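Walk me through this structure, please.

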Amino acid sequence: MAERQKLAAGNWKMNGTSAELAEVAALAETHANAGCEILLCPPATLVERLAQKADGTAIAVGGQDCHWEESGAHTGDVSAGMLKDAGASFVILGHSERRADHGETDEVVRNKTKAAWAAGLTAIVCVGETLSEREASNTIDIIKGQLAGSLPTQATGLNLVVAYEPVWAIGTGKVPTTDQISEVHGVIRAQLEKRFGPGVGRSVRLLYGGSVKPGNAAEIFAVENVDGALVGGASLKAADFGGIIEAL
Ligand code: PEP
């Protein structure tokens, strides 16, 4: 099996206007020879312009969500095909903020993942426990349930990336211990191998997400089965995201 390529993925969330695009060219130039794949997921309004800026550079572009249908009467939504048309090659699905703010269930995430694959996008499917679920020792059951419910059967190492994002670590400055990350990533790897077979299971990249910063990135990236990071807040500043890229 080929080695899994490391991935540094930035999730801008509902941040960014055209003014922020100026930093993208500099980021691409500074990290042109980075040892990892670099992905930026801006709000839908910027996907096309960011893709134009990043064209010909080492930076790939992704959406933060898509609808499960190709087109139709879904006011305010964006389809996977539209993201692809705008220049995206990835889409984040099932982020805990979408699960919480928009009531997205595992079934919804699974249908969106199918739509992403049909459009030729790589889906970054997010899973993660809340603080109360961790404190009740339910983390592993929650993760297994989210994986089983959110992933369609046709997964490959190319069309799927799984991001482990403990909800309590997102935007809080709190980070699990490396043992806690290792435990969950080991479970995710084992579940993927069991369900999709060892070849596919070992080739899917697993990202850690939740308060990753330049100062803690190297320690997190040294954990087995951590193939990179999904980065929120620290992806908004090129210097911080650059520090994370260089730690990979
Ligand atoms: C995220 O929301 O995907 C995330 C990881 O956020 P932050 O890095 O800000 O914790």
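S211 sits in the loop between β7 and α10 (214–221). Helices here are DSSP runs of H or I with at least four residues, strands are runs of E with at least two, and both are numbered from the N terminus. This is a predicted model: local features need pLDDT of at least 70, side-chain atom pairs count only at pLDDT 80 or more, and totals for chains, interfaces and linings use all residues. Residues are numbered from 1 along each chain as its sequence is written.

S211 counts as buried, because it has 21 C-beta neighbours inside 10 Å. The cut-offs: buried means 20 or more other C-beta atoms within 10 Å of a residue's own, exposed means 12 or fewer, and partly exposed lies in between, with C-beta atoms placed from the backbone. Beyond residues up to four places away in sequence, S211 touches A169, T172, G173, K174 and V175. Contact means that the C-beta atoms, placed from the backbone, lie within 7 Å.

G232 lies in another loop, between β8 (228–231) and α11 (238–247). G232 is buried too, with 22 other C-beta atoms within 10 Å. Its contacts, leaving aside neighbours within four places in sequence, are N11, K13, I170 and G171.

An unreviewed UniProt entry lists N11, W12, K13, G171, S211, G232 and G233 under "binding site". They spread over 223 residues of sequence but cluster in space, with a largest C-alpha distance of 14.0 Å. UniProt positions follow the numbering used here, feature names are shortened, and annotations may be inferred rather than shown by experiment.

Now the ligand. Of the 13 residues around it, I170, G171, G209, G232 and G233 come nearest. A residue is near if its C-beta atom, placed from the backbone, lies within 6 Å.

Next, strand β6 (residues 160–164). All five of its five residues are buried, so β6 is largely enclosed by the rest of the structure. L160, V162 and Y164 lie on one side, V161 and A163 on the other. In a regular strand the side chains alternate between the two faces of the sheet. β5 and β6 pair in the parallel sense over five bridges; pairing requires at least two DSSP bridges. V161 is the bridge partner of I124. Four bridges join β6 to strand β7 (residues 205–209), again in parallel. There, V162 partners L206.

Finally, helix α5 (residues 106–118). Its buried residues include V109, R110 and W117. The buried residues of α5 pack against α3 (80–86), β4 (90–93), β5 (122–127) and α7 (139–150). Just after α5, G120 takes a positive phi of about 90 degrees.

Notes
Two residues are in contact if their C-beta atoms, placed from the backbone, lie within 7 Å.
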